[in-house]
Amino acid sequence: MPQQVRGVIARSKGAPVELVDITIPDPGPREVVVDIQACGVCHTDLTYRDGGINDEYPFLLGHEAAGVVESVGAGVTAVAPGDFVVLNWRAVCGECRACRRGRPWYCFDTHNAAQKMTLADGTELTPALGIGAFADKTLVHEGQCTKVDPSSDPAVVGLLGCGVMAGMGAAMNTGNVSRGDSVAVIGCGGVGDAAIAGARLAGASTIIAIDRDAKKLQWATDLGATHTINASEGDVVSAVQELTGGFGADVVIDAVGRPETWKQAFYARDLAGTVVLVGVPTPEMTLEMPLVDFFSRGGSLKSSWYGDCLPERDIPMLVDLYQQGRLPLELFVSERITLDAVEQAFATMHAGEVLRSVVIL
């Protein structure tokens with residue numbers, strides 16, 4: 001039987017979110033109902049609320065989540081009722097041209113649930129990133145569920161569903177940081193600090209955190225930065241070069257996503273170094289640079305979506321490292337809040353006061 005549960009929706013562009021009753025249908029073929037235990041408040045949810053993704057209102061927000069499988073539909077083989085899972089928004093299809101070329105982290109046809117969750121009056125909801133986890137329960141495709149160690153803290157490991165994975169993957173997968181590398185990260189919010197943690201885990205010897213906020217630079221230090229640069233106090237490129245023997249960093253990660261920070265990343269890398277863009281630019285942003293600079297410096301210029309991760313490979317591995325005490329994921333959880341506090345959490349996040357607020361259900 002369909003279930004009535006609570007959920008947080010964005011009804012119209014820029015309007016405060018609302019806590020309402022929503023209807024969860026019984027799972028259909030390859031669908032799963034998950035009892036949500038925790039869900040992080042990600043900037044992408046705020047972007048949905050403000051119309052920066054599309055205009056398919058109302059949105060059921062929340063996507064950075066962990067919980068327990070309650071029920072499954074026909075044909076589900078990946079999970080069973082009672083499994084503890086982290087939700088992910090890249091459920092690879094296995095059949096598109098990227099998957100067939102052995103690059104499933106670029107999958108062009110990721111799976112979502114076929115049925116719609118609705119408001120009590122039958123209005124169909126658009127789940128954020130195909131998940132919609134600011135709710136007591138949600139309906140997803142089985143491929144969006146990744147089984148992990150059930151003794152893990154849901155508030156911590158759920159963050160691997162988006163922001164933390166995006167940052168760690170930007171360093172470890174997209175940037176291919178390896179032992180002894182020098183790495184600079186511009187922007188030390190949740191994603192940037194996750195990139196720092198990923199660089200540390202990969203064995204980088206010099207990890208430079210760059211931000212304008214002293215509090216964020218301290219967070220970055222706690223997560224593995226060996227040096228910090230306050231971007232408001234001088235030239236970032238020169239400061240990075242000074243810390244890297246005059247050459248620049250092997251890998252520079254832009255976790256802000258603005259033309260000026262990308263230019264800093266480009267010129268702060270060593271010859272033949274790598275730039276990784278993981279901060280999300282807005283559609284109107286443009287870049288103008290001398291073409292000869294691209295030719296003469298070589299190297300790689302990359303963008304990173306969801307850290308180029310493969311969820312079934314990367315999420316369990318990182319959870320295991322967290323459980324072993326080798327990856328301090330718990331440092332990303334700044335506060336634990338209730339479902340009715342999401343709108344205030346958006347304000348707190350926008351003000352840069354937290355790495356992550358996490359809704360506990």
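Which residue lies over the face of Phe266, and at what distance from the ring centre? Arg269 does, at 4.6 Å from the ring centre of Phe266. A charge is taken to sit over a ring if NZ of Lys or CZ of Arg is within 6 Å of the ring centre and within 35 degrees of the ring normal. The charged end of Arg297 also sits over the ring of Phe266, 5.7 Å from its centre.

The model is predicted: local features need pLDDT of at least 70, side-chain atom pairs count only at pLDDT 80 or more, and totals for chains, interfaces and linings use all residues. Residues are numbered from 1 along each chain as its sequence is written, and side-chain values use heavy atoms, with hydrogens and water left out.

**Aromatic pairs**

Rings of Phe, Tyr and Trp (its six-membered ring) pair if their centres lie within 6.5 Å; planes under 30 degrees apart count as stacked, over 60 as edge-to-face and the rest as tilted. By this rule the count comes to eight aromatic pairs. Tyr48 and Phe59 form an edge-to-face pair, with 5.0 Å centre to centre and 70° between the planes. Tyr48 lies in helix 1 (residues 43–49) and Phe59 in strand 4 (residues 59–60), so this pair ties together parts that are eleven residues apart in sequence. Helices (H or I, at least four residues) and strands (E, at least two) are DSSP runs, numbered from the N terminus. Tyr48 is buried, with a relative accessible area of 6%, and Phe59 is buried at 0%. Buried means under 20% relative accessible area, exposed over 50%, and partly exposed in between (1.4 Å probe, protein chains only).

Trp89 and Tyr306 form a stacked pair, 4.6 Å centre to centre and with 15° between the planes. This pair links distant parts of the chain, 217 residues apart: Trp89 is in the loop between strand 6 (84–87) and helix 2 (97–100), and Tyr306 in the loop between strand 16 (300–303) and helix 10 (311–323). Both Trp89 and Tyr306 are buried. Ring pairs also link Trp262, Phe266, Tyr267 and Phe294 into a cluster.

**Helix packing**

Axes are lines fitted to C-alpha atoms, for helices over the stretch in contact, and angles run from 0 to 180 degrees between N-to-C directions.

| Helices | Angle | Axis separation |
|---|---|---|
| Helix 4 (residues 163–174) and helix 5 (residues 190–202) | about 45° | 7 Å |
| Helix 5 and helix 6 (residues 214–222) | roughly 25° | within 9 Å |

Angles under 35 degrees count as roughly parallel, over 145 as roughly antiparallel, 65 to 115 as roughly perpendicular and the rest as oblique. Helix 4 and helix 5 are therefore oblique to each other, whereas helix 5 and helix 6 are roughly parallel. The contact between helix 5 and helix 6 is made by Asp193, Ile196 and Arg200 of helix 5 and Lys216, Trp219, Ala220 and Asp222 of helix 6; contact means heavy atoms within 4.5 Å.

Helix 4 is mostly covered, with ten of its twelve residues buried. The elements covering these buried residues include strand 5 (64–72), helix 5 and helix 10. Asn176, which follows helix 4, has a positive phi near 50°.

**Surroundings of Arg30**

Arg30 is placed in the loop between strand 2 (18–24) and strand 3 (31–40), and is partly exposed, with a relative accessible area of 39%. The C-alpha atoms of Arg30 and Ala74 are separated by 5.9 Å, although the two residues are 44 residues apart along the chain.
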